[in-house]
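Please keep the sequence and the 3D view open as you read.

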Amino acid sequence: MSKTTDKKYKQLFLGLLFDAIGMLSFAIPFVGEFSDVIRAPLSGWLMTGMYKGKIGQAAGVVTFIEEIIPGLDVIPTFTIMWFYTYVFKSAKKQKTIEV
């Protein structure tokens, strides 16, 4: 595999892991919601570290908001960002122009 492909799947694995950890707060009633106060800034920072540029910064803000608001932990923002970066955005680049 190429370095690009390795990085791609490493980010997918980390994204799934971070989303699973974020969803664990539902497992412990009340205590889990307080843990989001710590997890929200950490998630935003991790997102901006995984995805560089303005897209990563925007995703970091979205992740922070998603984690800080109670009940929204079920949204897999890291996985959604991975799909946006490697599936949807890549599909636009590969458009063929017919003459």
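Thr-63 counts as buried because its relative accessibility is 0%, where buried means under 20% relative accessible area, exposed over 50% and partly exposed in between, with a 1.4 Å probe and protein chains only. Thr-63 sits in helix 3, residues 53-68; helices here are DSSP runs of H or I with at least four residues, strands are runs of E with at least two, and both are numbered from the N terminus. Setting aside neighbours within four places in sequence, Thr-63 is in contact with Ser-43, Gly-44, Met-47, Thr-77 and Phe-78, a contact being heavy atoms within 4.5 Å.

A word on what you are looking at: this is a predicted model, in which local features need pLDDT of at least 70 and side-chain atom pairs count only at pLDDT 80 or more, while totals for chains, interfaces and linings use all residues. Residues are numbered from 1 along each chain as its sequence is written, and side-chain values use heavy atoms, with hydrogens and water left out.

Now step back to the whole chain. It holds four helices and zero strands, and from the N terminus on the elements run α-α-α-α. Of its 99 residues, 30% count as buried. Among contacts between residues at least 6 apart in sequence, 67% join residues at least 24 apart.

Met-47 is found in helix 2 and counts as buried because its relative accessibility is 1%. Beyond its neighbours within four places in sequence, Met-47 is in contact with Gly-56, Ala-59, Gly-60, Thr-63, Thr-77, Phe-78 and Met-81. Gly-15 lies 32 residues away from Met-47 in sequence, and the two C-alpha atoms are 8.9 Å apart.

Follow helix 2 itself, residues 31-50, and you will count 20 residues reaching 28 Å from first C-alpha to last, close to the expected 28 Å; that expectation is 1.5 Å times one less than the number of residues. The helix has a kink of about 40° at Ile-38, shortly before the proline Pro-41. The bend at a residue is the angle between axes fitted to the seven residues ending there and the seven starting there. The buried residues of helix 2 are Gly-32, Asp-36, Arg-39, Ala-40, Ser-43, Gly-44, Met-47 and Met-50.

Which side chain does Arg-39 meet in a salt bridge? The partner is Glu-67, at 3.8 Å from N to O. The pair links distant parts of the chain, with Arg-39 in helix 2 and Glu-67 in helix 3, 28 residues apart. Both residues are buried. The count comes to one salt bridge, under the rule that a side-chain nitrogen of Lys or Arg lies within 4 Å of a carboxyl oxygen of Asp or Glu.

Met-47 also belongs to the largest nonpolar core, whose ten residues are Leu-12, Phe-18, Met-47, Met-50, Tyr-51, Ala-59, Phe-78, Met-81, Trp-82 and Tyr-86. Helix 1 (3-23), helix 2 and helix 4 (77-93) each supply at least two residues of this core, and the largest share, four residues, comes from helix 4. Such a core is a set of buried Ala, Val, Leu, Ile, Met, Phe, Trp, Tyr and Cys residues joined through side-chain atoms within 4.5 Å. Tyr-86, one of the core residues, touches Lys-7, Lys-8, Gln-11 and Tyr-51, not counting residues up to four places away in sequence.
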